[in-house]
Amino acid sequence: MAARFGRSGGCVWPALLAVGAGAALGACHRTSFSEEIEPQLAFVCARVGCHTAVDATAGLVLESGVAYGNLVGVTPMGPACGGGVAVEAARVTPGDPAGSLMYTKISGTQTCGERMPYMCDATMTCLDAEFIATVEDWILDGAPDN
């Protein structure tokens, strides 16, 4: 993904390119769930013992083809915050990363439960900052099914 310049109307603008004495903006980049987010979720999260159709930890399946429908506007029903604590926030709330349980858990800003992927601070690598920013951009853009 291009270096970030800023957001405008749900759009992430690529870095400015110098053109003589002025500058020109590149095309608006809208994050694609199916191309940029879902493959990473399927690779990292939909593995044995976690978010597969067989295991469905916290009732969440993140396999390709079903991840979107299990995230956007869906309130967790299981122990998303550990110990069966009731959760008010949806997994993904379009336009509101801070109010999206998924975003807070992958960014390490959650107020309940563990950071995801599980044990990433101790035994495995957490998702990188660029991917987390991509998820944030997608949510800010209204979490489109694209």
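Analyst: A disulfide is defined here as a pair of cysteine sulfur atoms within 2.5 Å. Viewed from Cys45, the closest cysteine sulfur is in Cys50, at 7.8 Å, and this is again too far for a bond.

Some conventions apply to these values. The model is predicted, so local features need pLDDT of at least 70 and side-chain atom pairs count only at pLDDT 80 or more, whereas totals for chains, interfaces and linings use all residues. Residues are numbered from 1 along each chain as its sequence is written, and side-chain values use heavy atoms, with hydrogens and water left out.

Cys50 counts as buried because its relative accessibility is 17%, and Cys45 counts as buried at 12%. The classes are buried for under 20% relative accessible area, exposed for over 50%, and partly exposed in between, with a 1.4 Å probe and protein chains only.

The structure does hold one disulfide. Cys120 and Cys126 form this link, with their sulfur atoms 2.1 Å apart. In general terms, a disulfide is a covalent bond between the sulfur atoms of two cysteines. The link of Cys120 and Cys126 is right-handed, with 80° about the S-S bond. Both of these cysteines, Cys120 and Cys126, are buried.

Another buried residue is Asp141, with a relative accessible area of 18%. Asp141 lies in the segment after α4 (129–140). The side chain of Asp141 makes a polar contact with the side chain of Arg30, at 2.5 Å. Such a contact is a pair of N or O atoms within 3.5 Å; within protein, one must be able to donate a hydrogen and the other to accept it, and residues adjacent in sequence count only if both atoms are side-chain atoms.

As for the fold, the protein has four helices and four strands, in the order β-β-β-β-α-α-α-α from the N terminus on. Helices (H or I, at least four residues) and strands (E, at least two) are DSSP runs, numbered from the N terminus. Of the 146 residues in the protein, 38% are buried. Among contacts (heavy atoms within 4.5 Å) between residues at least 6 apart in sequence, 41% join residues at least 24 apart.
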